[in-house]
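Okay, thanks for coming, everyone. Let me put the model up on the screen, and then I'll walk you through it.

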Amino acid sequence: MAVRQQYGKPPDRLDQHVVDTETADVRASGQPPRDFPPYVGSRLRHPRRPPFPVRDPEAVELRGPVFGATDVGPLDHDLTAHHRGEPLGERITVSGRIVDRGGRPVAGQLAEIWQANAAGRYAHQLDRHRAPLDPHFTGFGRCLTDADGRYSFTTIKPGAYPWQNHENAWRPAHIHFSLFGTAFTQRLITQMYFPGDPLLTYDPIFLAVPDEAARSRLVAAYDPRLSVPDWSLGYRWDIVLDGPSATTFEEGER
Ligand SMILES: [Fe+2]
């Protein structure tokens, strides 16, 4: 979830023109800084103190988050199957490969997703958007990549939602992705977007990525080969962990 009601309204409600102007100024300078003025909440979303020296990495891992209280289950990847009834919305299949810079598959990788429902509402206590919750949709899923580095989720296409960044700000439809790595300290987080979304042009989070080619790598492609007949629409989104074609993750320039 992006910064929303949990941080309250910013003191000055920017309008879209100011956001566009500030975005252009910052993007011209290269990598987005951790404090990205057009994205008002960015100042609250990064550490303010220097990194804490870790003297015993193994001890840290013993106390850190793990994959979950249980092993990954056979239905964890299907977000439409977590309740007794069917969730409302457009059923989609989202699949792709996680690879390194050489195109080598990253197998056995824990991929987690979370998202709003079809109406643009998160099943989260902090979400006060006046859109309906869906009793048959929680919006969290996970899976492990196969030997070819492939992941696959069945879910509902999320709706756009308003947020308090600036006047009439709406987030484009997106799915949050987390890749665990081999330890929590390697965790990477990013967002996947949908092709043809008119809101991408106005979103300061998406536009914080300065390079157009890098932004395009955050947008999934409709892929009829992934569509399941009479069941779901398919979207393909590959994730590259590093190198010149790397997917952009949520780690701004220090
Ligand atoms: Fe979100």
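Now the housekeeping. This is a predicted model, so local features need pLDDT of at least 70 and side-chain atom pairs count only at pLDDT 80 or more, while totals for chains, interfaces and linings use all residues. Residues are numbered from 1 along each chain as its sequence is written.

How confident is the predictor? pLDDT is its confidence in each residue, from 0 to 100. The chain averages 87, and 88% of the residues score at least 70. As a rule, where pLDDT is low, the predicted coordinates should not be read in detail.

Overall, the chain has four helices and eleven strands. Take the contacts between residues at least 6 apart in sequence: 69% of them join residues at least 24 apart.

Let's stay with β1, residues 91-99. Which strands does β1 pair with? With β4 it pairs in the antiparallel sense, over seven bridges, and R91 has I156 in β4 as its bridge partner. With β10, residues 233-236, the pairing is parallel, over four bridges. β11 also runs parallel to β1, and two bridges join them; there, I98 stands opposite I239.

Next, the open sheet. Four strands form it, in the order β3-β2-β7-β8, with antiparallel pairing. The edges are β3 (140-144) and β8, each pairing on one side only. From one strand to the next, the twist averages 25 degrees (axes are lines fitted to C-alpha atoms, for helices over the stretch in contact, and angles run from 0 to 180 degrees between N-to-C directions). β2 and β3 are linked by five antiparallel bridges, and β2 and β7 by four, also antiparallel.

Buried residues make up 29% of the 254 in the chain. A nonpolar core is a set of buried Ala, Val, Leu, Ile, Met, Phe, Trp, Tyr and Cys residues joined through C-beta atoms within 7 Å.

The largest core has 32 residues, and V94, I98 and A220 have the most contacts inside it. Elements giving two or more residues to this core include β2, β4, β7, β8 and α3 (204-207). β1 gives the most, with four residues. Apart from this core there's another of five residues, among them A116, Y122, W163 and A169. In general, nonpolar side chains in soluble globular proteins tend to be buried together.

What does I98 touch, leaving aside neighbours within four places in sequence? V106, Q109, A111, T145, G149, Y151, L179, I239 and L241.

D242 is in the segment after β11. D242 counts as partly exposed because 13 other C-beta atoms lie within 10 Å. D242 and D100 are 142 residues apart in sequence, yet 6.0 Å apart in space, C-alpha to C-alpha. Not counting residues up to four places away in sequence, D242 touches D100 and R101.

The other one, D35, is in the loop between α1 (16-27) and α2 (57-63). Is D35 buried, exposed or in between? Partly exposed, because D35 has 13 other C-beta atoms within 10 Å. Beyond neighbours within four places, D35 is in contact with S42 and R43. From D35 to H46, eleven residues along the chain, the C-alpha atoms are separated by 8.4 Å.

That's my tour, thanks.

Note on methods:
Buried ≥ 20, exposed ≤ 12 C-beta atoms within 10 Å, placed from the backbone. Contact = placed C-beta atoms within 7 Å. Pairing = 2+ DSSP bridges. pLDDT = per-residue confidence, 0-100.
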